[in-house]
Amino acid sequence: ATNSSSVSAIKKRGTIKIAVFGDLQPYGWVTKSGKRTGYDVYLARQIGKDLGVKVKFVQVNADSRVDALKSNKVDLVLANFTVTPQRKKQVSFAKPYMKVSVGVLSKKSNPITKASQLKGKKVIVTKGTTAEQYFTEHSNGVTLQKYDSKTQQFNALKNGRASALADDNSYLFAWVKKHPTYTVGIKKIGTESEISPAVKKGNKSLLNWTNKEITKLNKKGFFTTDYNKNLKPYFGSDVKPSDIIITNNK
Amino acid sequence: MAEKLLTVSHLVKNYGRQEVLHDINFTVEKGSVTVLLGPSGSGKSTTIRCLNGLEDFHSGEIQFKDQVIKPGFKKWQSVRQDIGMVFQSYDLFPNRTVIDNILLGPLKVQKRSKDEALAQARHLLKEVQLSDYENAYPRQLSGGQKQRIAIVRALALNPEFMLFDEVTASLDPEMVRGVLEVIEGLARQKMTMLVVTHEMNFAKQIADKVLFLENGKIVEESAGHEFFDHPKTQRAQEFLNSMDF
Amino acid sequence: MAEKLLTVSHLVKNYGRQEVLHDINFTVEKGSVTVLLGPSGSGKSTTIRCLNGLEDFHSGEIQFKDQVIKPGFKKWQSVRQDIGMVFQSYDLFPNRTVIDNILLGPLKVQKRSKDEALAQARHLLKEVQLSDYENAYPRQLSGGQKQRIAIVRALALNPEFMLFDEVTASLDPEMVRGVLEVIEGLARQKMTMLVVTHEMNFAKQIADKVLFLENGKIVEESAGHEFFDHPKTQRAQEFLNSMDF
Amino acid sequence: MDWSIVQQGIPTYEKAFLLTLKLSFEGILGAIIVGLIVSFVRYFKVPGLQRILGAYVELSRNTPLLIQLFFIYYAFPEIGFKISAQASGIVGLIFLGGSYMAASFDGGLNGVPKIQVESGRAIGLTDWQLARYVVLPQGLSLSIPAIAANVIFLIKETSIFTVIAIPELTNTALDQIGMLYDTNEALFSLVVGYAIILIPLSILLTWLERRTRRGTFGN
Amino acid sequence: MAHSGINILFEGRNMVRLLGGLWISAKIAAIAIVVGLVLGIVLGALRTLHNPLLRAILRLYLEFFRVIPTVVLLFLFYYILPQNFNINMGAESVATLVFALWFAAEMSDIVRGGIISVSPHQVDSGKAIGLNRLQLYYYVLLPQSIQLMIPATINLVSRVIKTTSLLLLISVMDVINVGQQIIEANGQRYENGSFWVYGFIFILYFILCYPLSLWARHLERKELVNANG
Ligand SMILES: Nc1ncnc2c1ncn2[C@@H]1O[C@H](COP(=O)(O)OP(=O)(O)OP(=O)(O)O)[C@@H](O)[C@H]1O
Ligand SMILES: Nc1ncnc2c1ncn2[C@@H]1O[C@H](COP(=O)(O)OP(=O)(O)OP(=O)(O)O)[C@@H](O)[C@H]1O
Ligand SMILES: [Mg+2]
Ligand SMILES: [Mg+2]
């Protein structure tokens, strides 16, 4: 079959289908007036503009990002997609535009600051995230509760269904700012990873285009603008831009 | 005159707004057979069902033995032990064997001893020639056999009065005779009975008294043979004509 | 001898492994009434149903007019227009009015003109005294009325041969006469008929020929009166005894 | 499809399978009990209770299990009422299943011919004896096919438990898809898991239906 | 506290968005029901024919859709079809297809049940006046079984509507998905927002399904009266 997600096919179609989150403030979410917004969404709109096509957003959950590409539901994933070796086998990642580690969120009144404290405790994750991956590989006696969506996982934490929640530290920073009774007790667990746009395996044309686009945007300082506009207001003062974004992309 | 077992006075019965029995009066003497005749819908079943409380009635009264029964009467349950009833449709309990059908009343209602009730049940089964079917389930019986068991089930409570509502109407023609013979046997034993039937030859042979009902009224009451040989009303005459082709 | 309309030779019919008709042979003469008698389960209905293809048969052959019918015969649909049948259970289509029931065959099967078929239907309705019920639904009719309509529905196709399978068996006794009178009327008009009935008086009166069936075999074949007055076999004698109480 | 992946997953799916069975069993048992209570209350026309249970039945039948679960699991704790995920699942299944079971029992009890009740009365049975010896045994056996159909329906509904993070079959498969991207293998194991439970039940159901239609339960 | 939470529904365009989500669910259900109804009637009628092969195939079709939970069907169709057969459909089309096929399967069983419950005497007497197979279905079997089928069909319709709640699992922007967006975006301002949002969705579904349930009950009661009368 021909590549229906190649740059020329997209241009011909006049729309690009991009997978984003809908419930992950401040990366991909929907305002009360129904408008999609966030760091990833901002990037997605820019990509659409630079391609000269309309953007059609497809809202995904973490566990459906790979299949959304594989089954041609989307051309590009911009949903806080962390690059991992397993995922590299399934999809092609472009150059990274963010960095991230797994963090652990807990109640301020009963903070968890060391991995050893998690032993025998329940920890909330979202299916298909790097956090789930990490704790599946380094279980250390942790019981995982696996949810489908971000809404569900934070809801469950608020309801006290587990003692901690593990996810990318970048969202956790944002979340605790709005929920001051919680803290990101462990800021980094495991190694630091990168977040990249992803395309279907073998879609060279869109991959190359995206790589060039990221380099170009970097030169223009796009990501700093994006950070200041979409992320900064959500983070506490202890988070620096360099903790999150990658600006020296070669 | 013989002793009266049942007296029905001014019985009125409504279904909703429709009055289906208007001022019914009759008596039943102990040891006699009364046959209730009348066209379809004339109120025969309704009359019989009022007599053992399956239907409430609106006004009038029923005297059964010493018991005076008025509308709203509550103690049917004890009265029913003295009044056996057999219906047109097969009504054995399909989930119980023949013997369990028969013993349910004697054991659970009358609290009689198992041995005694069983002995009587077997005796009755023998009389209707169905001893072999003690442990059969109703579905294994023919229609005629079912109706004979239904009669035994009613008799097992030792009732003083039996009601039969077209008990052969659902049967294959060949099965009818066996059932009627059982009822005839009871008549010979001087069981008091009220019988609704469409079998005219049988009615003629068995009736001490005939009540002819039409539109919820008793329009003729005669001694048995008299009714068949010399019906008084024209309507009864027509009815008899229509019954034998 | 009169012309033969139907000849059945060596007809054998199985239900699964059970053979229910064994080597049935008989003929039906044009304009005659043949009555099929026999105990329940002897195969009367099965015989009749084979004659218009409601049941397949196993071996043997049926000759109807010029048509020779062997097992696996496919063109029943055209044959059936010449053979009317009326069943025991009320079988009018409950979702259609009386007149629609009657006209379905003439209009949809025989593709006759509406005017002509309607005129004939009204004529037939008048003959069975049900002109007033043209637009009634079956549920508004009594059992006897339904059966008379069913007969009309069959006649509306102008069949040369009519089959009746215990058409009065589900009726209230008072309704029976009206239906039998209609069949009698047809006999007087020399309609060829094969009739299964349990009404012995009627059978006696109407039968030109009687076939007595038992266990899937014709055990006796006689002229009408002869059968009732002097049955040849003991089994037929017993059967006749059991039928009149 | 990679069979070695399927094989590796067997122990995980076995656990999920057993959990699905356990939750189904407990939920269905509860639903049957609730159904019986509701049905009896309606059959014997218990005043007051009849109305309350009527409202329950309407709420239960006319809303999706998913929302019922969201409510029990995510929303109720916000107003101070919290139970575990598995308990929420079971409660949800009972809440939903109770009304379906009640309808099946109703069908059975109302299917007992009136003549049966009358002939019980005619031999002098009390209301309670009538229920015990006549209406219940016949009514319950008449409701069996409908109950079996509900059992199948409710077992399938347990797949929705995935939204409250219960590691039953569906949750396990979605997890495998999300984390390891073995979509084909995961869906295969999932379908096999349900098939092992449901195909025998479905065959049983067909048999029960045929049996009832043939009237072997009847007179 | 309860006072403030309910306002989450009236904040911004939240109400309109929720209703928009409901509209998508309703649209998918409606198309699936219409398509499934037609297909189901045809398949149901075919299942009453005495063709063993056809019956086996249609039976298998029914069992497949009856045994496999709808969530799983949605995933199967959403992921497997495009990857293995190179058919590409949007989430909404996949959902519509799955619901239509599922509806048709269940409907075929209702239709078959209705048809075979028409008394065999009716078939006999239809044949006896010479009707052919097609005429038999058209004039006798279908019209007589429709009354029996309607209540069960209404129940099935209400099941389909309720099952649209699963659409969120395949990324359709249905009412629940929208609800989650709202809860997430407003979570910190309304601590018990999820109670009110889920409560509102609960009521929306109830409003859609309750009239159907009343209607089905009414018809069932009418049928009971007809059967006795
Ligand atoms: N449950 C009921 N509700 C309303 N009307 C009824 C009911 N049962 C009987 N009727 C009416 O009461 C009248 C008397 O009916 P009943 O059954 O007593 O007649 P019957 O003489 O026994 O007739 P049949 O010979 O057909 O059994 C009829 O007009 C009938 O329509
Ligand atoms: N569909 C069937 N399947 C199997 N056996 C059948 C079937 N129909 C009839 N039989 C059997 O065939 C035999 C003949 O039945 P049939 O109905 O022809 O008898 P009948 O003489 O018409 O009896 P009745 O007077 O009761 O109507 C019986 O033994 C019956 O059990
Ligand atoms: Mg009566
Ligand atoms: Mg017969």
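In the predicted model, an oxygen atom of ligand 2 is placed 3.2 Å from a polar backbone atom of Ser42(C), a separation that falls under the definition of a polar contact (a pair of N or O atoms within 3.5 Å; within protein, one must be able to donate a hydrogen and the other to accept it, and residues adjacent in sequence count only if both atoms are side-chain atoms). A polar side-chain atom of Glu166(C) lies 3.1 Å from an oxygen atom of the ligand, and one of Tyr15(C) lies 3.3 Å from a nitrogen atom of ligand 2. Taken alone, ligand 2 exposes 630 Å², of which the protein buries 61% (accessible areas by the Shrake-Rupley method with a 1.4 Å probe; for residues, only the protein chains shown count as cover). The residues around the ligand, counted as near if a heavy atom lies within 4 Å, include Gly41(C), Lys44(C), Thr46(C) and His198(C). Helix 1 (residues 44-51) of chain C contributes the most to this shell, with three residues.

As to conventions, this is a predicted model in which local features need pLDDT of at least 70 and side-chain atom pairs count only at pLDDT 80 or more, whereas totals for chains, interfaces and linings use all residues. Residues are numbered from 1 along each chain as its sequence is written, chains are lettered from A and ligands numbered from 1 in the order in which they are written, and side-chain values use heavy atoms, with hydrogens and water left out.

Between chain E and chain D, 40 residues of chain E are in contact with 38 residues of chain D (contact meaning heavy atoms within 4.5 Å). The area buried between these chains is about 3,500 Å², with carbon and sulfur atoms giving 70% (the accessible area, 1.4 Å probe, that two parts lose on being put together, summed over both). One salt bridge is found across this interface, formed by Glu58(D) and Arg217(E) with the closest N and O atoms 2.4 Å apart (a side-chain nitrogen of Lys or Arg within 4 Å of a carboxyl oxygen of Asp or Glu).

The contact of chain D with chain A takes 23 residues from chain D and 22 residues from chain A, and about 1,800 Å² is buried between them, 46% of it on carbon and sulfur atoms. In chain D, Tyr74(D), Met179(D) and Tyr181(D) lose the most area to chain A, together 38% of what that side buries. Lys146(A) forms a salt bridge with Asp175(D), the closest N and O atoms being 2.6 Å apart.

Methods:
Helix = DSSP H or I, 4+ residues; strand = E, 2+ residues; numbered from the N terminus.
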